[in-house]
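Here are my notes on the model, as numbered points. Please read them with the structure open.

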Amino acid sequence: NQELNISQVTITPTTLDNSGTPTPVEWCEANDAQRTLGSFLAPDGSIFRQLEVLPTHLIEWQRCLKNITSTNLNAKWLSFQTVFLKKILYPLIGHSFSDEDLLPIQKPVDKEVLH
């Protein structure tokens with residue numbers, strides 16, 4: 001980091017023939033979330049990156065629902081339980097969201113699942 005006057009840190013992978021090349025370690029700010037096990041976590045607890053990602057899961061799921069006819073409601077419910085909830089609920093565990101944060105995602109889901 002230039003501001004802290006810290007020299008570049010590198011890691012060299014261990015190989016049998018010692019041919020590993022040094023790789024620089026990327027410096028991340030405290031509010032810069034990185035993907036970890038499906039969730040975007042920032043050291044300072046920032047939820048903003050995760051809030052950017054959640055709507056993409058909603059859009060992907062809605063795109064898949066277009067292939068399901070309205071007569072096959074069991075398929076829609078199964079898709080909701082096995083695909084959508086897994087992608088949405090798992091990352092929520094590591095964050096503290098308010099109701100207002102998640103309302104833009106909940107409204108379209110209610111429309112798809114409850115009607």
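Contact here means heavy atoms within 4.5 Å. The model is predicted.

1. Contact between α2 and α3. With that cut-off, K76, W77, F80, F84 and L92 of α2 meet L102, I105, V109, E112 and V113 of α3. Sorted by class, this contact holds eight nonpolar residues, two charged and no polar ones. The two helices pack at about 170 degrees, and their axes are 12 Å apart. Angles over 145 degrees count as roughly antiparallel, so α2 and α3 are roughly antiparallel to each other.

2. Overall layout. The chain has three helices and four strands. Read from the N terminus, the order is β-β-β-β-α-α-α. Take the contacts between residues at least 6 apart in sequence: 47% of these join residues at least 24 apart.

3. Burial and surface. The chain has 115 residues, and 23% of them count as buried.

4. Contact between α1 and α3. Helix α1 covers residues 48-65 and helix α3 covers residues 99-114. Their axes come within 10 Å and cross at roughly 10 degrees. That angle makes α1 roughly parallel to α3. On the α1 side the contact uses L51, L54, P55, L58, W61, Q62 and L65. On the α3 side it uses D101, L102, P104, I105, P108, V109, E112 and V113. The residues divide into twelve nonpolar, one polar and two charged.

5. Contact between α1 and α2. These axes come within 11 Å and cross at roughly 170 degrees. The pair is therefore roughly antiparallel. From α1, the residues in contact are Q50, L54, H57, L58, E60, W61 and L65. From α2, they are K76, S79, F80, F84, K87, I88, P91 and L92. By class there are nine nonpolar, three polar and three charged residues.

6. The nonpolar core. Which residues have the most contacts inside the largest nonpolar core? They are L54, W61, F84, F97 and V109, in a core of 13 residues. The elements that give two or more residues to this core are α1, α2 (73-92) and α3. The largest share, five residues, comes from α1.

7. V109. This residue is one of those with the most contacts inside the core. Set aside neighbours within four places in sequence, and V109 is in contact with L58, W61, F80 and F84.

8. V113. This residue sits in helix α3. Is V113 buried, exposed or partly exposed? Its relative accessible area is 22%, so V113 is partly exposed; the buried class requires a value under 20%. Beyond neighbours within four places in sequence, V113 is in contact with W61, W77 and F80. V113 and F80 are 33 residues apart in sequence, yet their C-alpha atoms are 7.6 Å apart.

9. S79. Helix α2 holds this residue. S79 has 13% relative accessibility and therefore counts as buried. Not counting residues up to four places away in sequence, S79 touches W61, L65, I68 and F84. S79 is also among the α2 residues in the contact with α1.

10. T21. Look next at the loop between β1 (10-11) and β2 (23-24), where T21 lies. Why does T21 count as exposed? Its relative accessibility is 54%, and exposed means over 50%. T21 touches I11, T12 and P13, leaving out residues up to four places away in sequence. T21 and T10 are eleven residues apart along the chain, and their C-alpha atoms are separated by 9.5 Å.

11. Helix pairs, in brief. Two packed helices are described by the angle between their axes and the distance between the axes. In those terms, α1 and α3 cross at roughly 10 degrees, with axes that come within 10 Å. For α1 and α2 the values are roughly 170 degrees and within 11 Å. For α2 and α3 they are about 170 degrees and 12 Å.

Note on methods. Residues numbered from 1 in each chain as written. Predicted model: local features only at pLDDT ≥ 70, side-chain atom pairs only at ≥ 80, totals over all residues. Heavy atoms only, no water. Axes fitted to C-alpha atoms, helices over the stretch in contact; angles between N-to-C directions. Parallel < 35°, antiparallel > 145°, perpendicular 65-115°, else oblique. Nonpolar A, V, L, I, M, F, W, Y, C, P; charged D, E, K, R; others polar. Buried < 20%, exposed > 50% of the residue type's maximum accessible area, 1.4 Å probe, protein only. Core = buried A, V, L, I, M, F, W, Y, C linked by side-chain atoms within 4.5 Å.
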